[in-house]
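These are my notebook entries on one protein chain. I set down what I looked up, entry by entry.

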Amino acid sequence: AVVSTQSTGVVGVAIQADPPEGCTKLLNSVAGKITVLFRGGCMFVEKVRRVQEAGGLGAVIIDNSVDSSAVLAMSGDGNNNVYIPSLFLNKEDGEALLELYSKDRPMTVIELRDAPPKTE
């Protein structure tokens with residue numbers, strides 16, 4: 001169900017990961033979709049790598065705490081083998097996304113792409 005693949009990003013149907021934190025093998029099919037996961041349990045790069053290995057187009061990771069600082073340190077694990085785009089959302093924005101992705105709107109589409117070039 002790929003809606004579009006662009007050189008600057010991807011557009012696809014959203015799917016929630018099972019398990020929600022994505023720290024073990026994903027049990028549901030995320031192939032061709034943008035996977036929504038929750039922070040916690042393992043490194044961000046591990047979550048995104050699991051989505052990539054399962055054929056996912058991209059990953060959105062939602063903060064699990066409303067008290068998190070605005071700036072988080074996200075480091076890699078020394079492997080440069082994750083190529084799909086990913087995004088981190090604070091808890092409030094993540095809850096708004098999850099509200100859209102409800103049983104009433106199962107075809108929620110997410111676009112992950114680079115910021116447009118600055119114009120002067």
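**Entry 1: Thr35**

I looked up Thr35 and found it in strand β3, which covers residues 34-38. Helices (H or I, at least four residues) and strands (E, at least two) are DSSP runs, numbered from the N terminus. The model is a predicted one, in which local features need pLDDT of at least 70 and side-chain atom pairs count only at pLDDT 80 or more, while totals for chains, interfaces and linings use all residues. Residues are numbered from 1 along each chain as its sequence is written, and side-chain values use heavy atoms, with hydrogens and water left out.

Is Thr35 buried or exposed? I noted a relative accessible area of 0%, so Thr35 is buried. Buried means under 20% relative accessible area, exposed over 50%, and partly exposed in between (1.4 Å probe, protein chains only). I then listed what Thr35 touches, not counting residues up to four places away in sequence: Ile15, Ala17, Val30, Val51, Gly58, Ala59 and Val60. Contact here means heavy atoms within 4.5 Å.

**Entry 2: Confidence**

I checked pLDDT, the predictor's confidence in each residue, from 0 to 100. The protein averages 83, and 78% of the residues score at least 70. Among the elements, α1 has the highest mean pLDDT (95), and strand β1 (residues 2-6) has the lowest (51).

**Entry 3: Aromatic rings**

I searched for aromatic pairs: rings of Phe, Tyr and Trp (its six-membered ring) pair if their centres lie within 6.5 Å, with planes under 30 degrees apart counted as stacked, over 60 as edge-to-face and the rest as tilted. How many aromatic pairs are there by this rule? The count comes to 1. Phe44 and Phe88 form a tilted pair, 5.3 Å centre to centre, with 50° between the planes. The pair links distant parts of the chain, for Phe44 is in helix α1 (residues 44-53) and Phe88 in strand β5 (residues 86-89), 44 residues apart. I recorded Phe44 as buried at 18% relative accessibility, and Phe88 as partly exposed at 23%.

**Entry 4: Salt bridges**

Side chains of opposite charge can pair when their charged atoms come close. I applied the rule that a salt bridge is a side-chain nitrogen of Lys or Arg within 4 Å of a carboxyl oxygen of Asp or Glu. A search of the whole structure finds 2.

In one, the side chains of Asp63 and Arg39 meet at 2.9 Å, N to O. Asp63 lies in the loop between β4 (58-62) and β5, and Arg39 in the loop between β3 and α1, so the pair ties together parts that are 24 residues apart in sequence. Asp63 is buried, at 4% relative accessible area, whereas Arg39 is partly exposed, at 23%.

Another joins Glu95 and Lys91, with the closest N and O atoms 3.6 Å apart. These two are 4 residues apart in helix α2 (residues 91-100), so about one helical turn separates Glu95 and Lys91. Glu95 counts as partly exposed at 43%, and Lys91 is partly exposed at 28%.

**Entry 5: Two further places**

I noted a cis peptide bond between Asp18 and Pro19, with omega about 5°. Pro19 is in the loop between β2 (9-16) and β3.

Lastly I looked up Glu111, in strand β6 (residues 109-113). Glu111 is partly exposed, at 44% relative accessibility. The C-alpha atoms of Glu111 and Val13 are separated by 8.9 Å, although these residues are 98 apart along the chain.
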